Amino acid sequence: AAVPPPCSLSASVLRGFQCIPASDVPAADILAFAQGLQNKPAELSGAQLSCLARLLAAKNLTADFGRYPPDLLLFFDPAEVHGGTCGAFYARASRGNLELLPGGSARRRELLRGALACLGVRSRSLRPEQLSTLGALVCDMEPDTITASDPAVLENLKLCPALTGAQRDALNAVLLGGGTAYGDPSSWDLQTLQSLGRLVLALNQTTVSLVAEAAREAFGRSIAAAYGSQGRSQRENSLTLLRAFTAASASSHPRLKRSADCCLSVPITASTVPDPFLLLIYDTSEQFDLCLSNEVLEANLGPLLEQPLPVEYLRVVKKKLEQLYPSGIPEEQLKLFGPLSRQYTAAEISQWPVTSSDTLSALLDPSDGTWGAPQVQQLLSRYLALGGTLTGPLLWKMGGRNLCNLQEEQIEQIPPEAIRTAGHLNISSCSQTKKDQLYRRAQEAFAGQAGTTRAYYCQIQPYLGGSPAKDLKDLAEAGVAIDMDVDTFLALNPEEVQKLSVTDVKNLLGENLPYLKEAENETSVMRWVKRQSQRELDCTLGIGLQGGTEEPGPTGTATPPHPTASASITPAPTTLPTPIATSTLPTPNSSTGPHKAPTPSAISPTPPNSTPPRASTAAPGAAGSPPATTQPAPTTGSIVPYSIHQSATSSWAAP
């Protein structure tokens, strides 16, 4: 019989795909792909990088970590990092993009704890050589660590995606202390302000007011010069800086008395629309309204909407467009709407002339903000009513969240060809009814591959949350290992999971079966275990799951459980020191533990359930061995010498 084609290891397949069975991909292909990311970066999500890290571990390819990009190292198991190389590992991993890991997640905390243990850190004061290794990991430290550490900590803070208010206060305290490489703020010039990098976004008014006015003005001009080439998010940061530096000079530039019925500045023209100072000159929506004519707006709508206009300014633009186009907005203008489109109601959208897939694609751009469910439903209805058809690229642009917001009858209108060419969409936010619908559509789309189990599984996997138990049993009994990852298993319909036998689950998970032990506190797993015979759990699975039903013994009493450990599962010893008493056990619902790779829609940490702690489970060792149940490592003391900060979710800029 012909060997089924393996799942292709490429960015297009990894896009939204939770994990590929390691047995499907040769070690050489995995290695080449991972190393290639360093020379030609691909935009992979945390889930995809977690998948790739697991594949490397399964093939015993994690030891030479210097060949992989720093982002990938964030998803390596710290238990595989040995004492002799831990410093080099954490120095490289700390250069990765921490935003790939949800703030406060178990994996992110474990990464910092591992680095501190490797460096022997036992106090809040970090030395320069320690800071050099920790890199961006310092972003999760408490404010008192920032103020207690060597002033070189400022270079670490430049790497932080965001800082909390307390961390910004600590940063300003360090700068005002005068012992930094930047000197006292009163001595700063343009070069100093530029060398501060993104730290300048965190400067408070006290610090900024100490900077000489000439330096502030020169810095403002440099920001303005770069403004034209920046995207909308960069322009928001630039405006934050311009406002802060303008506010510091407010006392020498008194504000004019406001009037409600006239433009106090010069009228807005085509040449002033792209001006970086536009929102500073016309600093209220009232003045913006009074100084912007309908004629200038109509001729310059695109450039104007490239400015990071606040909501109240967008409402002014919307009002003027209603005056300009009382019979309806032309489709060519709709394509330029960007964030303005989110200001329209479903009733207003129902009048839009959305006849082109290009128009719909432009309106669906996720960088322009989030659509409400009624809005996106109406947008799609309008497009279909005017003769449009849904394609794979449009579904991908729409994304799983918007797809889940569609009405059930709209989902029924999605052609199979669109599902087949849409890539792997994340439909985790869908209701169970919609998951069932999308699964049936996907079945139809991939029916041609149903005869090749692995190829079919690779395509249908994102939609298995809507699969009935019968189809899952067919996959389990196909005679071809699919090695379903535990993330996919946990995303199955919980009611259908209860209908699976112990053998079904064993055959579905294949080589990933040991990871089910790490998910034993998930609700669907606990419910399933309670329905199974404990003896069958022990004898068939052999991974230590407890809680099944007991069979009566010879005397009529229940036979106590005797956990059976698989002979192939061996504990992977850890060589990392554990200097703190803080537990590093994975939380049951953590989205970043070894069994739970984060999905693209998981951008925020999930609070753990209030379940009792359990024994930790080692992730696959360097040789790719499955995890083994181990006892928590003893701590070296009862005093925590440092504290780990819950990561910031706020922006860099101070309010």
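**Burial, disulfides and helix packing in the predicted model**

Of the 655 residues of the protein, 51% count as buried. The model is a predicted one. Its secondary structure comes to 34 helices and 0 strands. Among contacts with a separation of 6 or more, 69% are between residues 24 or more positions apart.

A disulfide is a covalent bond between the sulfur atoms of two cysteines. A search of the whole structure finds 4 disulfides, and the paragraphs below describe several of these links in turn, including that of C86 with C118.

In the link between C86 and C118, the S to S distance is 1.9 Å. The torsion about this S-S bond is about 80°, so the disulfide is right-handed. C86 belongs to helix α5 (residues 86–93) and C118 to helix α6 (residues 106–119), so the pair ties together parts of the chain that are 32 residues apart in sequence. C86 has a relative accessible area of 5% and is therefore buried. C118 is also buried, at 19%; this value lies under the 20% cut-off for burial.

C263 is joined to C291 by a further disulfide, with an S to S distance of 1.9 Å. The link of C263 and C291 is right-handed, with 105° about the S-S bond. C263 is placed in the loop between α14 (232–248) and α15 (278–281), whereas C291 is in helix α16 (residues 285–291). The two cysteines are 28 residues apart, and the pair links distant parts of the chain. C263 has a relative accessibility of 24% and so counts as partly exposed. C291, by contrast, is buried, with a relative accessible area of 4%.

A disulfide is also formed by C404 and C430, whose sulfur atoms are 1.9 Å apart. Here the torsion about the S-S bond is about -90°, so the disulfide is left-handed. C404 is in helix α24, and C430 is in the loop between α26 (416–420) and α27 (432–445). This pair, 26 residues apart, again links distant parts of the chain. C404 is buried, with a relative accessible area of 5%, and C430 counts as buried at 7% relative accessibility.

C262 is in no disulfide. The nearest cysteine sulfur to that of C262 belongs to C263 and is 7.5 Å away. C262 counts as partly exposed, at 32% relative accessibility. Another cysteine, C539, has a relative accessible area of 60% and is exposed.

Helix packing was examined for α23 with α24 and for α29 with α32. Helix α23 (residues 373–385) and helix α24 (residues 392–405) have axes that come within 10 Å and cross at roughly 130°. The two helices are therefore oblique to each other, and their crossing is left-handed. On the side of α23 the contact is made by A373, V376, Q377, L380 and Y383, and on the side of α24 by L394, M398, N402 and N405. These residues divide into 6 nonpolar, 3 polar and no charged. Helix α24 also holds C404, one of the cysteines described above.

The axes of helix α29 (residues 469–476) and helix α32 (residues 502–509) are 8 Å apart, and the helices pack at an angle of about 60°. That angle makes α29 oblique to α32. The crossing of α29 with α32 is left-handed. The contact involves L472, K473, L475 and A476 of α29 together with D504, N507 and L508 of α32. The contact residues of this pair divide into 4 nonpolar, 1 polar and 2 charged.

T345 is placed in the loop between α20 (331–334) and α21 (346–349). With a relative accessible area of 40%, T345 is partly exposed. The C-alpha atoms of T345 and Q378 are separated by 9.2 Å, while the two residues are 33 residues apart along the chain.

Methods
Residues numbered from 1 in each chain as written. Predicted model: local features only at pLDDT ≥ 70, side-chain atom pairs only at ≥ 80, totals over all residues. Heavy atoms only, no water. Axes fitted to C-alpha atoms, helices over the stretch in contact; angles between N-to-C directions. Helix = DSSP H or I, 4+ residues; strand = E, 2+ residues; numbered from the N terminus. Parallel < 35°, antiparallel > 145°, perpendicular 65-115°, else oblique. Left-handed = near helix turned anticlockwise from the far one by under 90°. Contact = heavy atoms within 4.5 Å. Nonpolar A, V, L, I, M, F, W, Y, C, P; charged D, E, K, R; others polar. Disulfide = S-S within 2.5 Å. Buried < 20%, exposed > 50% of the residue type's maximum accessible area, 1.4 Å probe, protein only.
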